[in-house]
Amino acid sequence: MLSLSIFSSSQRISVALYERDNLKKYSERKIIDKKIDSIFSLLNKILKNNKKGLDRIYFSVGPGSYTALRSIKAIAQGISLFYKSEIINVTDFEIYLAHLQNNKNNALVFFEAFNEKFFYQYFKPFKGIYKPNSNCLNEDLDGLKDFLIKKKKREKKIVVISNSRKYSSFFKNMGVEKIIFLQPSADNLARAVFAGYGSKKKEIIYHHTYYE
């Protein structure tokens, strides 16, 4: 079974081709001027000479730039029509959570958005994966601080997983149990699907703060 994984952040875009759960090809490129046009050359590179078809396509529904997410969705749908592939989605949060296998502590996934605000969500372990224990939030550091203060009153051990080391001292001062860093990619997105986070029913997570 061949699977194509597509991921775009505000800085980089990447694509990966898997045969079952084995990575066969991977390519990534830096995004320039907030344009994801380079995805077509990456896809051509990954899918060139592919005669086996394509069984599944994976992409994230965010949260993130609504325009970019809609573009990725349209590209995935176009490829799926050509190959008659099944589309499977995860959220950006689940890409991080898949990296926390065998961790039994509650987790806060935290990553930068725009305008000095951040996306974050709180999760608890449940039957081998993590389930949401809060809404998806989009606030500044003061809002996150208030959130953590309330959680720390009830939960002594909290793991934070993020894509940025800039806020390590902030989380250490808040007394979190551990800080883990991960750069999301098409590879990590596929691994989130393999870990059990994939679904056909996820809707794009849109936040108006991207346009404030």
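The model is predicted, so local features need pLDDT of at least 70 and side-chain atom pairs count only at pLDDT 80 or more, whereas totals for chains, interfaces and linings use all residues. Residues are numbered from 1 along each chain as its sequence is written, and side-chain values use heavy atoms, with hydrogens and water left out.

Figure 1. Five strands are arranged in the order 3-2-1-4-5 with mixed pairing. Strands (E, at least two residues) and helices (H or I, at least four residues) are DSSP runs numbered from the N terminus, and two strands pair if DSSP finds at least two bridges between them. Strand 3 (22–30) and strand 5 (86–90) are the edge strands, each of which pairs on one side only. From one strand to the next, the twist averages 15°; axes are lines fitted to C-alpha atoms (for helices, over the stretch in contact), and angles run from 0 to 180 degrees between N-to-C directions. Strand 4 (residues 56–60) runs parallel to strand 5 and is joined to strand 5 by five bridges. Within this pairing, Phe-59 has Asn-89 of strand 5 as its bridge partner. Strands of a sheet pair through backbone hydrogen bonds, either parallel or antiparallel.

Figure 2. Helix 2 (residues 66–83) lies across strand 1, strand 2, strand 4 and strand 5. Relative to strand 4, helix 2 runs at about 175°.

Figure 3. Glu-28 and Arg-12 meet through their side chains in a salt bridge of 3.6 Å, N to O. Glu-28 lies in strand 3 and Arg-12 in strand 2, so the pair ties together parts that are 16 residues apart in sequence. A salt bridge is a side-chain nitrogen of Lys or Arg within 4 Å of a carboxyl oxygen of Asp or Glu, and by this rule the count comes to eight. Arg-20 is placed in the loop between strand 2 and strand 3; the phi of Arg-20 is positive, near 55°. The loop between strand 4 and helix 2 holds Pro-63, and the peptide bond from Gly-62 to Pro-63 is cis, with omega near 15°. Most residues other than glycine have a negative phi, and most peptide bonds are trans.

**Figure 4. The second largest pocket.** This pocket has a volume of about 190 Å³. On a 1 Å grid over the protein atoms alone, a pocket is an open set of points with protein on both sides within 12 Å along at least five of seven lines, a cavity is a set of points where a 1.4 Å probe fits but cannot get out, and lining residues have an atom within 4 Å of a point. Grid points are joined across faces, edges and corners, and a volume is the space filled by probe spheres set on the points. Of the 13 lining residues, Thr-91, Glu-94, Phe-123, Pro-132 and Lys-202 are the closest to the centre of the pocket. Helix 3 (92–97), strand 7 (118–126), strand 8 (129–132) and helix 6 (186–197) each give two or more residues to the lining. The lining divides into seven nonpolar, three polar and three charged residues; Ala, Val, Leu, Ile, Met, Phe, Trp, Tyr, Cys and Pro count as nonpolar, Asp, Glu, Lys and Arg as charged, and the others, Gly among them, as polar.

**Figure 5. The cavity.** One cavity of 30 Å³ or more is found in the whole structure. The largest cavity has a volume of about 40 Å³. Its lining includes Leu-97, Gln-101, Gly-128, Tyr-130 and Tyr-197, and strand 8 and helix 6 each supply at least two lining residues. Seven of the lining residues are nonpolar, two are polar and none is charged.

**Figure 6. The pairings of strand 7.** Strand 6 (residues 106–112) pairs with strand 7 in the antiparallel sense over six bridges, and Ala-107 has Phe-123 of strand 7 as its bridge partner. Between strand 7 and strand 8, four bridges form an antiparallel pairing. In the hairpin of strand 7 and strand 8, with two residues between the strands, Lys-127 takes a positive phi near 50°.

How values were computed
Contact means heavy atoms within 4.5 Å.
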